[in-house]
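The sequence and the coordinates come first.

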Amino acid sequence: MGLLDDRVCVITGGAGSLGVASARLFLDEGAKVMLVDLDAAALARSVADLASPNVDAVAADVSQATGRAPPSSGPSRASARSMCSSATPATRAQWSP
Ligand SMILES: NC(=O)c1ccc[n+]([C@@H]2O[C@H](COP(=O)([O-])OP(=O)(O)OC[C@H]3O[C@@H](n4cnc5c(N)ncnc54)[C@H](O)[C@@H]3O)[C@@H](O)[C@H]2O)c1
């Protein structure tokens with residue numbers, strides 16, 4: 001039994017190094033994982049690397065209030081119960097909290 005069995009974890013910056021490492025750990029602990037990142041190509045590589053039926057991904061800018069709708073199936077259709085934020089702007093100039 002894993003520490004995160006039946007949890008859905010949303011990971012922003014999910015294609016980055018911290019995001020993928022977090023996803024691997026969460027999957028190992030039984031979670032379903034939704035990766036969110038600006039970089040669609042990197043997201044596709046991350047999903048392929050993770051090679052799990054319990055990972056899904058959506059390209060979106062988490063700094064914006066609106067974005068792409070999540071996929072119609074997969075982990076994202078369940079309620080998110082954990083959040084891991086690892087998105088980081090490429091440059092400080094892009095950061096405007
Ligand atoms: N890697 C580490 O060991 C480590 C350790 C401590 C803290 N951190 C911090 O954690 C954060 C992530 O680190 P990392 O090494 O994974 O960086 P990274 O550059 O590898 O990944 C960041 C990801 O965030 C995405 N991103 C940026 N802006 C976004 C937005 N608006 N919407 C969606 N996605 C967006 C990028 O496309 C990228 O894939 C950084 O703030 C870093 O300082 C990292």
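In this predicted model, strand β2 is largely enclosed by the rest of the structure, because six of its six residues are buried. Lys32, Met34 and Val36 point one way from β2, while Val33, Leu35 and Asp37 point the other way; all are buried. In a regular strand the side chains alternate between the two faces of the sheet.

**Fold and strand pairing**

The chain holds two helices and four strands, in the sequence order β-α-β-α-β-β. β1 and β2 run parallel and are joined by five bridges, and the bridge partner of Val10 in β2 is Met34. Between these two strands the chain passes through α1, and this β-α-β crossover is right-handed. On to the next strand, β2 and β3 also pair in the parallel sense, over five bridges; here Leu35 has Ala57 of β3 as its bridge partner. Helix α2, residues 40-50, lies between them in the chain, and β2, α2 and β3 make a right-handed β-α-β unit.

**Helix α1**

Helix α1 covers residues 17-28. At 1.5 Å a residue its 12 residues should span 16 Å, and the end C-alpha atoms are 17 Å apart, which agrees. Its buried residues are Gly19, Val20, Ser22, Ala23, Phe26 and Leu27. They cover an arc of only 160° around the axis, so they are on the same side of α1. An α-helix has 3.6 residues a turn, so residues three or four places apart point the same way. On the other side of α1, Ser17, Ala21 and Asp28 are exposed.

Of the 97 residues of the chain, 32% count as buried. The largest nonpolar core has 18 residues, and those with the most contacts inside it are Cys9, Ile11, Ala23, Val33, Met34 and Leu35. The elements giving two or more residues to this core are β1 (8-12), α1, β2 (32-37) and β3 (55-59). Among contacts in the chain with a separation of 6 or more, 54% are between residues 24 or more positions apart.

Ala44 lies in helix α2.

**Positive phi values**

Most residues other than glycine have a negative phi.

| Residue | Phi |
|---|---|
| Asp6 | near 70° |
| Gly30 | near 100° |
| Ala51 | near 45° |

Gly30 follows α1. Asp6 and Ala51 are residues other than glycine. Asp6 lies in the segment before β1 and is exposed, with 10 other C-beta atoms within 10 Å. Ala51 lies in the loop between α2 and β3, and with 8 C-beta neighbours inside 10 Å Ala51 also counts as exposed.

Methods. Residues are numbered from 1 along each chain as its sequence is written. This is a predicted model: local features need pLDDT of at least 70, side-chain atom pairs count only at pLDDT 80 or more; totals for chains, interfaces and linings use all residues. The expected span of a helix is 1.5 Å times one less than its number of residues. A residue is buried if 20 or more other C-beta atoms lie within 10 Å of its own, exposed if 12 or fewer, and partly exposed in between; C-beta atoms are placed from the backbone. The arc is that of the directions from the helix axis to the C-beta atoms. A nonpolar core is a set of buried Ala, Val, Leu, Ile, Met, Phe, Trp, Tyr and Cys residues joined through C-beta atoms within 7 Å. Two strands pair if DSSP finds at least two bridges between them. A crossover is right-handed if, with the strands pointing away from the viewer, the path from the first strand over the helix to the second runs clockwise. Two residues are in contact if their C-beta atoms, placed from the backbone, lie within 7 Å.
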